[in-house]
Amino acid sequence: MSDYHLDHLQYLETEAIHVMREVAGEFERPALLFSGGKDSICLLRLAEKAFRPSDLPLPLLNVDTGHHFPELNTFRDARAKELGAKLIIRRVEDAIAAGFATPAPGEVSRNRLQIPTLLAAIEEFRFDCCIGGARRDEEKARAKERFFSFRDSFGQWDPKNQRPEIWNLYNGRLNPGENMRVFPLSNWTEQDVWEYIRREQLAVPSIYFSHRRTCVRRGGQWLPVNDIVPPKPNEDVRELVVRVRTIGDIISTGLVESPADSVDDIIVEIAAARVTERGSRADDKSSEAAMEDRKKAGYF
Amino acid sequence: MTKTVSTPRPTEILRFNTCGSVDDGKSTLIGRLLYDSKSLMEDQLEALERSADITGGGQVNLANLTDGLRAEREQGITIDVAYRYFATPRRKFIIADTPGHIQYTRNMVTGASAANLSIVLVDARLGVIEQSRRHTYLASLLRIPHLVVAVNKMDLVGWSEARFNEIRAEFEKFLPRLDIKDVKFIPISALNGDNVVDASVHTPWYPGPTLLHHLETVHIGSDWNLNGLRLPVQWVNRPNNPTDPRLHDFRGFSGQIAGGIVRPGQKVMVLPGGQVTTVKEIWTYDGPVAEAFCPQSITLLLDDDIDVSRGNMIIGQNHLPGSSSELIANVCWMHQRPLVAGKKYWLKHTTHTVQVAVTALNHRLDISTFETLPAPAELALNDIGEIRLRTASPIFFDGYETNRLTGSFILIEQGTHATVAAGMLLPPREVVRPDATDFVI
């Protein structure tokens with residue numbers, strides 16, 4: 001190997017920085033979706049690498065379902081402040097109150113209601129592009145996603161009619177009302193994300209590390225005990241040492257029993273893992289095409 | 001750029017794509033690679049077994065691992081390029097799985113443009129068919145450095161060495177007419193796993209590596225061009241009202257190096273203006289660096305205050321690029337609306353987008369015979385041909401054969417903004433003349 005060689009993280013990094021700068025170059029009003037989760041933490045570091053010493057040329061946007069882990073929101077706000085970035089939060093609660101998101105009878109999950117909330121935020125700020133932290137290794141429908149994912153004026157993804165993406169040439173041209181979702185981490189795996197967090201010494205929310213928590217057994221997984229869907233008398237409730245592997249809403253995020261309390265431990269744990277990251281997300285399990293259906297409706 | 005950390009993980013990425021016709025068993029092959037290299041997780045296997053119980057009469061179908069969308073499972077085809085990731089202790093792999101039906105050229109060009117290696121799957125019973133020639137030709141046109149011909153379903157021809165050699169001989173008849181330097185033939189059964197990850201007991205006559213072993217060990221070296229600096233400017237980095245007084249005059253030119261190496265103190269020229277100046281600093285988030293090379297993403301500071309914007313190109317003084325508004329290129333047509341001479345498009349080349357008119361269709365290529373048909377009336381979806389173009393202002397480029405990044409472009413239809421073609425430029429007839437020194441500061 002010559003000296004002019006990039007290791008896998010450097011390769012993924014230069015690719016992602018290129019994609020971010022294409023966004024800055026081709027769009028007028030881009031935003032970066034930042035939840036405080038591990039993938040969007042990497043996105044923010046890549047944005048710093050792409051745009052410093054200037055200020056980040058795009059605001060951060062988060063759709064707050066009202067069912068977030070409190071640790072996640074605390075981390076999100078602190079990180080945005082630390083970077084001097086503008087953080088825009090739009091709440092599902094408010095969208096329901098304003099009437100553009102309507103829960104189905106008995107619907108507790110906020111997962112579906114994120115979609116109209118996000119689309120309304122895009123319209124409110126006239127964002128023409130949203131950068132997201134989705135990775136192709138997460139899920140089968142994601143595996144077919146482009147770096148630049150074109151959405152029509154209803155925010156819909158049409159898997160049969162995607163723009164071909166060739167070499168490193170991205171077509172960012174839009175007509176009014178159309179929108180682009182851009183995924184700089186497309187080629188990253190869960191392992192790459194944690195290795196990058198280690199290399200860059202990035203802080204992550206405490207719930208990724210092993211901690212003691214009261215959990216309830218539901219649908220074959222341990223969920224955190226919470227006020228939104230409190231345990232019923234016949235449910236199995238236990239105090240366990242757990243961590244989250246992927247963060248969704250507090251009512252649907254499975255916790256894994258784990259002693260991993262450092263980034264090094266997590267990397268070792270993932271290397272030996274026998275289930276995928278999204279194996280702990282009830283929202284993806286609801287049907288085999290769950291993600292495909294949500295993406296077609298405008299999910300990122 | 002980033003500090004090196006010792007890691008037990010593979011540090012090299014091999015990107016490959018798989019191509020084949022509808023029933024060649026591509027998805028089964030990828031499923032097999034993931035399954036036998038233990039890259040599949042329990043929940044993925046569970047989902048696989050669930051769908052086997054429902055639709056497969058109890059037989060686990062490895063193709064279900066990659067045929068992700070419901071529409072695909074219903075029709076039993078792959079709609080679009082799907083990307084898969086796996087790693088062995090030796091390497092990390094990015095697979096682009098490209099389907100073999102009518103959208104073929106469009107998808108394969110998308111999946112293969114960045115590949116180091118291409119796997120062409122051949123059904124041992126059918127031998128070389130039109131699709132096989134088409135795939136091989138595309139791999140050659142895209143300048144994919146390594147090719148593997150995986151002769152699949154060998155179990156269905158009784159593991160016949162003679163049949164394998166026959167197919168190999170058929171390929172070797174037309175390979176010399178193409179630009180592929182490294183070709184490997186491997187007899188496999190993707191369904192049963194022979195010679196995919198583990199060596200087969202059925203092929204004592206085959207002395208070569210298994211497919212995975214070949215993927216792990218094939219020498220990929222550097223695919224990037226390190227001769228002749230090319231920095232297409234993506235974004236001008238100019239802090240607004242910085243609090244740090246040292247940043248008041250900061251004016252950086254950010255981009256991904258598309259060729260060559262750059263060092264502080266080096267003389268560079270900015271195109272299209274032609275101004276010559278010196279590199280003051282290579283700025284990165286992790287601090288200034290002593291040199292940077294293709295394909296790193298960097299920010300350059302220059303000695304002189306020159307007007308540079310997105311779409312300009314910073315070049316070195318050796319290996320000068322071509323400069324012209326009259327271009328000749330091979331294109332793969334990717335849209336239902338055919339290309340006809342005279343139409344105007346947007347051409348995106350590096351970070352530069354410019355209006356272009358297609359002035360002539362020189363020829364269309366018949367991929368089954370490798371013969372050219374002169375002056376076609378149009379190029380339709382999945383056609384490949386040579387065209388002439390005239391851009392509204394000159395672009396600075398290299399032949400695709402010397403630099404994939406500065407030798408390629410896409411065409412975008414005006415109005416719909418659909419990406420309609422992938423283009424590969426022929427070598428320039430004249431290069432930038434450094435004697436245009438009127439602009440030197």
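This is a predicted model: local features need pLDDT of at least 70, side-chain atom pairs count only at pLDDT 80 or more; totals for chains, interfaces and linings use all residues.
Chain A is divided into two domains: domain 1 covers 8–196 + 289–296, and domain 2 covers 205–283. The C-alpha centres of domain 1 and domain 2 of chain A lie 24 Å apart. Where these domains touch, domain 1 of chain A contributes 21 residues and domain 2 of chain A contributes 19 residues. On the domain 1 side of this contact, helix 3 and helix 6 (190–200) of chain A each supply at least two residues. Helix 6 of chain A gives the largest share, 4 residues. By residue type, the side of domain 1 of chain A that touches domain 2 of chain A consists of 6 nonpolar, 8 polar and 7 charged residues.

Helix 3 (residues 70–83) of chain A also belongs to a right-handed β-α-β unit, together with strand 2 and strand 3 of chain A. Strand 2 (residues 60–64) and strand 3 (residues 87–91) of chain A pair in the parallel sense, over 5 bridges. Within this pairing, A:Asp64 has A:Arg91 of strand 3 of chain A as its bridge partner.

The contact between the two chains takes 52 residues from chain A and 60 residues from chain B. On the chain B side, the elements that give two or more residues include helix 2 (42–55), helix 4 (104–112), strand 21 (408–413) and strand 22 (419–425) of chain B. The residues on this side of chain B divide into 29 nonpolar, 18 polar and 13 charged.

In soluble globular proteins, nonpolar side chains tend to be buried together. In the present model, the largest nonpolar core has 181 residues. The residues with the most contacts inside this core are A:Met20, A:Leu32, B:Ala150, B:Val151 and B:Ala421. Helix 1 (residues 8–26) of chain A provides the largest share of the core, 9 residues. Leaving aside neighbours within four places in sequence, B:Ala421 is in contact with B:Val331, B:Cys332, B:Trp333, B:Met334, B:Leu339, B:Ile410 and B:Leu411.

Helix 1 (residues 26–36) of chain B is mostly covered, with 10 of its 11 residues buried. Among the buried residues of this helix are B:Leu29, B:Ile30, B:Leu33 and B:Leu34, and also the charged residues B:Lys26 and B:Arg32. The elements that cover the buried residues of helix 1 of chain B include strand 1 (13–19), strand 4 (117–123), strand 5 (146–152) and helix 7 (211–217) of chain B. After helix 1 of chain B comes B:Lys38, which has a positive phi, near 60°.

Note on methods
Residues are numbered from 1 along each chain as its sequence is written. Chains are lettered from A and ligands numbered from 1 in the order in which they are written. Two strands pair if DSSP finds at least two bridges between them. A crossover is right-handed if, with the strands pointing away from the viewer, the path from the first strand over the helix to the second runs clockwise. Domain bounds come from an automatic or database domain assignment. Two residues are in contact if their C-beta atoms, placed from the backbone, lie within 7 Å. A nonpolar core is a set of buried Ala, Val, Leu, Ile, Met, Phe, Trp, Tyr and Cys residues joined through C-beta atoms within 7 Å. A residue is buried if 20 or more other C-beta atoms lie within 10 Å of its own, exposed if 12 or fewer, and partly exposed in between; C-beta atoms are placed from the backbone.
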